[in-house]
Every structure is written in C-alpha cells, then in structure tokens.
Amino acid sequence: FAIPGVNSLVTDSAWRVAAVVVTVIVLLGLGHAIGVRIGGAISRRGARGPLNVINRVLGGALNLAVGALMISVIAFSVTNLGIPSVSGLIGKSKVIATIDTLIPTPVKSAVAQLRSLALSEGIPQILGQISPTLPGTPPSTSTNTPALNAASASVLRISGTAYQCGQNQTGSGYVAAPERVITNAHVVAGVTRPVVDVPGSGSMAARVVYFDPKNDLAVLAVDGLSTQPLVAGKQLTAGAAGAFSGYPHGGPFESKPAAVESVAPMLVPDIYGNDPHSEEIYQLSADVQPGNSGGPLLDMEGRVVGVVFAKATQNIPVGYAFTLTELGPVSQKAESLTSQVSSGNCIKE
C-alpha cells in the first residue's frame with residue numbers, strides 16, 4: 001500500500017526508483033523484525049520438547065509460503081506503478097514468474113482487490129444520471145473456449161502514475177493493430193509513461209498517440225509489440241451472448257460472460273463529468289469491475305464487438321460498452337497514428 005504513495009510523491013524520475021526500492025527494503029525489514037520478536041515470544045512459551053521440532057518444521061514451511069506470496073505481492077505492486085525500466089526487469093525474472101504460477105489465481109485476485117480498495121482505485125462513475133433497465137442474472141456461459149482463449153493473448157494490462165493527482169491507475173486494453181493498443185481515455189488520463197503488461201512477454205513502455213476525453217477512447221503505441229491484433233466482428237443485438245476480458249482491480253486476467261440487455265444511444269458525459277453527448281452503448285448484464293475499463297467486449301468467436309468503459313453506479317451487475325459505431329473509426333486509423341499526444345488531465349479518484 002505504501003509503494004504507490006511513494007511513487008506518486010517523488011516526481012523526479014532519477015530518484016523515483018531508488019525511493020521505491022528503499023521503501024520496500026525498510027518496510028520488509030521492519031515487518032520481519034516485528035514478526036521475529038512476536039514469533040520468538042510465542043515459540044518460547046508454547047513449543048517445548050518434540051513439539052518444538054514440529055513447530056520449527058511447520059514454521060519453516062509457512063515461512064517459505066508467506067515469503068513467496070510477499071514476493072508476488074510486491075512484484076505486482078511495483079509492476080503496476082508504470083515505471084518501464086523496473087516493470088521490464090520484473091517481467092523477465094524467472095524466479096518471480098515461477099512463484100506467480102504457483103500462487104492460486106483466487107489468492108492473487110483477492111490481493112489485487114484489497115489493494116484496489118485501499119488505494120481507492122475504481123472505474124469512474126460516469127453514468128450516474130442513467131437509470132439502467134432491470135438486468136437479468138449475468139449468464140453462466142463458459143468462456144473457456146478455443147476462440148476466447150486465443151483472444152486472451154491480445155488483451156493487455158495497462159498501468160501508470162498520474163503525478164498531478166498523485167495516484168496510480170490500472171486498466172485493460174487490447175491489440176487493435178500492429179503495435180497499437182486501444183483502451184479508455186480515463187485509464188491513461190494524466191499518465192505520461194503508460195506501461196503495458198503483455199501475456200508471456202513481460203512489460204513494455206508505451207506512448208499515447210490518440211486521446212479523446214469526450215468519447216473516452218485512447219490509442220497507445222508500443223514499439224516492438226509482436227502480439228497479434230484482434231479482428232472486429234459484427235455488432236451484437238439485444239439478447240446476444242458475449243464475453244469481456246481484462247484485469248479486474250489490476251490483478252490476474254479474467255474472461256467473463258456477458259449478455260446484451262440493450263443497444264441504444266445514451267447521453268454520456270466526458271471523462272471529467274462534463275458535456276453530455278449521445279453515444280451508442282451496449283448495456284450488459286455482466287459482472288464488470290474496476291480494472292476492466294478499456295478491455296474488449298467479444299463475441300463468442302473471439303472477435304471485438306465493443307470496448308468496456310463503465311459500470312452502473314447502483315449495486316447491480318450492469319456494465320456498459322461502446323459499440324462498433326463508436327469504436328470502429330478509432331480502430332481503423334489506429335495503425336496510422338504515430339505522434340505522441342498529451343494525455344490530458346488526470347481524474348482525481
């Protein structure tokens with residue numbers, strides 16, 4: 001929890017990495033010292049004779065498991081800071097990669113969700129004035145299909161720090177063209193150096209080459225990205241089944257089913273809550289979470305049919321995604337966008 005705060009406070013890039021590393025060392029050392037003192041006191045009072053041997057064996061095993069979990073948590077937290085050099089090194093670590101594969105996905109998801117809540121990270125509630133129709137229960141259709149599994153390789157995690165607001169931001173995106181990634185504008189708003197986490201290839205630095213705060217879409221250029229772009233499908237209609245992919249709470253990848261409740265124009269403000277304007281929107285019966293912003297809405301063949309950008313402000317399983325009507329023009333010109341542009345002002349959480 002402290003690492004993102006230190007990262008946002010130190011604005012000088014030359015000192016930022018050093019500050020983060022020192023923070024990690026100091027807090028780990030402090031936590032270890034406190035734990036040793038407490039554990040030693042408990043051990044001296046409660047474990048004697050043969051029980052002491054059992055205590056040491058089980059304690060060693062537990063220490064190994066906790067140590068591995070802490071390495072994974074710290075690596076996850078530092079990677080999501082959006083420091084390209086550090087994220088790249090962590091992504092290349094064989095030890096961290098091995099540990100990450102051994103930790104169950106539910107544990108990693110729980111840690112990501114806890115961290116997201118503690119840092120007040122969340123999907124902007126930009127649809128507060130819209131009252132969704134009563135949704136059905138999100139479908140239980142399996143997303144473990146060859147087509148959707150293949151598409152998952154092209155869905156990336158995006159992170160970065162908006163220093164003007166002093167906050168870390170995470171979201172999702174997908175490869176729409178060679179070396180080009182589409183996401184939401186609010187995911188990278190105020191971020192000068194976004195980082196994309198590529199499945200199986202570690203982290204890569206990106207630059208913003210398109211930023212539209214009104215329509216909440218952005219394009220990132222990632223030089224050297226070899227991931228295959230997703231292809232566009234056909235617009236879904238009400239009642240159609242689909243799936244949405246991304247990294248909820250900045251944690252591990254998840255693909256979940258969705259059902260289209262309606263397809264219609266809605267008045268949507270820009271990412272700063274101003275200038276309501278009409279856009280064609282899917283209303284989805286789906287369990288959309290913070291961090292899913294910018295991830296693709298897919299048909300069951302793994303083709304892009306929209307991009308997730310919001311969830312209902314009420315406590316109901318409703319999500320919203322832009323249709324191909326809004327997404328198509330940006331996707332078609334994504335490959336031709338080369339010049340870096342401003343990512344605007346950040347949105348204070």
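Mentor: Arg157 has Asp197 in β4 as its bridge partner. The two belong to a pairing of strand β1 (residues 155–162) with strand β4 (residues 195–198), which is antiparallel and has three bridges. This is a predicted model, and in it these strands are part of an open sheet of seven, ordered β5-β4-β1-β2-β3-β7-β6 with antiparallel pairing. The edges are taken by β5 (202–205) and β6 (207–212); each has a single partner strand, so one side of each lacks a neighbour in the sheet. From one strand to the next, the twist averages 30°.

Helix α9 (residues 324–333) packs on this sheet, where it touches β2 (167–177), β3 (180–183), β6 and β7 (217–221). The direction of α9 makes about 20° with that of β7.

Five of its five residues are buried, so β7 is largely enclosed by the rest of the structure. In a regular strand, side chains alternate between the two faces of the sheet. In β7, Leu217, Val219 and Ala221 lie on one side, Ala218 and Leu220 on the other, and both faces are covered.

On the β3 side, four bridges join β3 to β7 in an antiparallel pairing, with Arg180 opposite Ala221. β6 and β7 are also antiparallel, with five bridges between them; Asp212 has Leu217 as its bridge partner there. The hairpin of β6 and β7 has four residues between the strands, and Asp216 takes a positive phi near 55° in this hairpin.

Note on methods:
Residues are numbered from 1 along each chain as its sequence is written. This is a predicted model: local features need pLDDT of at least 70, side-chain atom pairs count only at pLDDT 80 or more; totals for chains, interfaces and linings use all residues. Side-chain values use heavy atoms; hydrogens and water are left out. Two strands pair if DSSP finds at least two bridges between them. Axes are lines fitted to C-alpha atoms, for helices over the stretch in contact, and angles run from 0 to 180 degrees between N-to-C directions. Contact means heavy atoms within 4.5 Å. Buried means under 20% relative accessible area, exposed over 50%, partly exposed in between (1.4 Å probe, protein chains only).
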